[in-house]
Amino acid sequence: MADIPSKGTGDKEFGLLGFIEGHPKNLPDPDADRVSSYPHLVAREFLAFGLMLAALLVFSFLFDAPLEELANPGKTPNPAKAPWYFLSLQEMLHYAPPFISGVVIPGLIVIVMCTVPYWRGRFVLFPIMFLLALILVPLTDGIIWAGIHAVAPSFADATRSYGFPTMVMLVISALVLGKFVLSSAFDDEAKVEKLRNKLFLTFVGILFILVMIGQFFRGPEWRWVWPWQ
Amino acid sequence: MSDEPIERGLWKRIGQAFRTTNASKYLNSTDSEARPSMMSKGFREALRKDIVRSTPWKSVFAGPYPQTPKDNSEIAISSFWLHIHPAFIRRETLKFGVTYGLGGLACGLFMVLAVTGIMEMFYYVPATDHAYKDMVDLQHVVSLGKILRNMHRWSAHAMVVVVSMHMLRVFLQKGYKAPRQLNWVVGVILLCLTMGLSFTGYLLPWDQLALWAVTVGTNMAGSIPFIGSKVRYILLGGPNVDQATLIRFFVLHVVVLPLVISLFMVYHFWRVRKDGFSGGK
């Protein structure tokens, strides 16, 4: 230790306490093949931005943004469509009351999405299955409500605007899904991992289909029309 | 510097300053056989030296002009504009297929939207008797106004698509796993804010499309039991989509939401760096 110059007045200022194996967890892998982010990454970013800008300019020269006639509160277009990213909700509006399709479902989708990273083990499937339930269950609201209406008409009418069937079905599906992911079918972790992505892609796919239906297949009174009609 | 005595007189001083530059010395050097030209590599080299050693250059750029890998790595640390990046990254993360550049593109689209949006504000008055006329003027009277509006509109749609695809990509690669859980939540909020920005902007042209899309959207809020009509009234500033709604959506679209989304974006990027690799896949 003689060749380490000591600045303090004492003999030593620190001591070696011991070794532990491996390298610190939070440090990046020292063996990884690294490059400096300037210019390698920065150049790619500028290139990507430039290409994006060029694509936007070309697209803007070719296609004009829609501008319809002046807003007229007295003249309701039929159908009045929401922006495309809300069309899945508007499509749902066709099946379930507005409180369900416009407030409860989007609110729950956002909340469940936020919780996605916090589920562990086999339960990682639960939020994704519940997301699927959130967009599929409201589509059955009308049918279930009609069933209730056949038995207890006054009760059905009183609870119609709150989307009672959907709420009950969502609670039931949450319980069923909870029980389902606990079953031995999901003991295999690799299987859970595979299913996780497939289920999420299904969820995104259904939303996409609902948006497409709303955009291209819905006409006056939200009736089904073919795009060429 | 040279040993010449300092000259008196303005023109002589300027001439002397020129003669002491590397570029001038290079051009006037007599030791090479051919007269050095301004197109030569040596001249460019001398000029570059002059520029990077000048006081204004040094005052702008913290480090020297990067020439070695070490200089390159220090740029990411010393430059304000680039310190969002780590000094070094793994070579494999440079591959396009790792991220598809979607997060960066979303940020780029936001910048395009901010610039085109501010330019649109030069021509737009958020009044019900003015807004639509301003849009028509922007399309037919203002030079390149149509391109400006198209750019803003298409970028807005593209941003909703790109942010959604970014979220899908992060999900499929499990980028939300520890320690990045909170950043996923911030990402969900950013997606909601993106849609909020797009939706509030939808009303501003004050055409039939705008009016009725917002009517449909806010009617949903009106369906909340007991407090629905109050919520709708607060959103619209009145019983119907009217002047009060237009100014509300305008302020939300150009001030409140851009400010909020900028803060969340900065936090999102900061967390990416601080949290480190989530080891997904």
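**Entry 1. Helices H4 and H7 of chain A**

I began with the contact of H4(A) with H7(A), where Leu125(A), Phe126(A), Met129(A), Phe130(A) and Ala133(A) on the H4(A) side meet Leu170(A), Ser173(A), Ala174(A), Leu177(A), Gly178(A) and Val181(A) on the H7(A) side. Sorted by class, this contact holds nine nonpolar residues, two polar ones and no charged ones. I note that the model is predicted.

I then looked up the geometry of the pair. The two axes come within 10 Å and cross at roughly 150 degrees. The crossing of H4(A) past H7(A) is right-handed.

**Entry 2. Helix H4 of chain A by itself**

I checked the length of H4(A): its 12 residues reach 17 Å from the first C-alpha to the last, close to the 16 Å expected at 1.5 Å a residue. I listed its buried residues as Leu125(A), Pro127(A), Ile128(A), Met129(A), Phe130(A), Leu131(A), Ala133(A) and Leu134(A). Against which helices do the buried residues of H4(A) pack? I found H3, H7 and H8 of chain A.

**Entry 3. Leu199 of chain A**

I followed H8 of chain A to Leu199(A), which lies in that helix. Beyond neighbours within four places in sequence, Leu199(A) is in contact with Leu125(A), Ile128(A), Met129(A) and Leu132(A). Leu199(A) and Met129(A) are 70 residues apart in sequence, yet their C-alpha atoms are 7.0 Å apart in space.

**Entry 4. Helix H3 of chain A**

I compared the length of H3(A), residues 98-115, with expectation. Its 18 residues should span 26 Å at 1.5 Å a residue, and the end C-alpha atoms are 25 Å apart, which agrees. Where does H3(A) bend? I located a bend of about 30 degrees at Val104(A), with a proline, Pro106(A), following within four residues.

**Entry 5. Where chain A touches chain B**

I looked up the contact between the chains, which takes 57 residues from chain A and 65 residues from chain B. On the chain A side, the elements giving two or more residues are strand S1 (34-36), helix H1 (37-62), H3 and helix H8 (189-216). Which element gives the largest share of this side? I noted H1(A), with 16 residues. By class, the chain A side has 39 nonpolar, 10 polar and eight charged residues.

**Entry 6. Cis peptide bonds**

I found a cis peptide bond from Tyr38(A) to Pro39(A), with omega near 5 degrees. Pro39(A) lies in helix H1 of chain A. In chain B, the bond from Ala178(B) to Pro179(B) is cis, with omega near 5 degrees. Pro179(B) is in the loop between H9 and H10 of chain B.

I checked helix H9(B), residues 145-172. At 1.5 Å a residue its 28 residues should span 40 Å, and the end C-alpha atoms are 40 Å apart, which agrees. H9(B) is followed by Lys174(B), whose phi is positive, near 55 degrees.

I also looked up Arg180(B), in the loop between H9 and H10. Arg180(B) counts as buried because it has 24 C-beta neighbours inside 10 Å. The C-alpha atoms of Arg180(B) and Lys274(B), 94 residues apart along the chain, are separated by 9.4 Å.

**Entry 7. Positive phi in chain B**

I recorded Tyr100(B), which has a positive phi of about 60 degrees although it is not a glycine. Tyr100(B) is in the loop between helix H6 (96-99) and helix H7 (102-121) of chain B, and with 15 C-beta neighbours inside 10 Å it counts as partly exposed.

I recorded Phe226(B) too, which has a positive phi of about 70 degrees and is not a glycine. Phe226(B) is placed in the loop between H11 and helix H12 (228-236) of chain B. Phe226(B) is exposed, because 6 other C-beta atoms lie within 10 Å.

Conventions. Residues numbered from 1 in each chain as written. Chains lettered and ligands numbered in written order. Predicted model: local features only at pLDDT ≥ 70, side-chain atom pairs only at ≥ 80, totals over all residues. Expected span 1.5 Å × (residues − 1). Bend = angle between axes of the 7 residues up to and from the residue. Axes fitted to C-alpha atoms, helices over the stretch in contact; angles between N-to-C directions. Left-handed = near helix turned anticlockwise from the far one by under 90°. Contact = placed C-beta atoms within 7 Å. Nonpolar A, V, L, I, M, F, W, Y, C, P; charged D, E, K, R; others polar. Buried ≥ 20, exposed ≤ 12 C-beta atoms within 10 Å, placed from the backbone.
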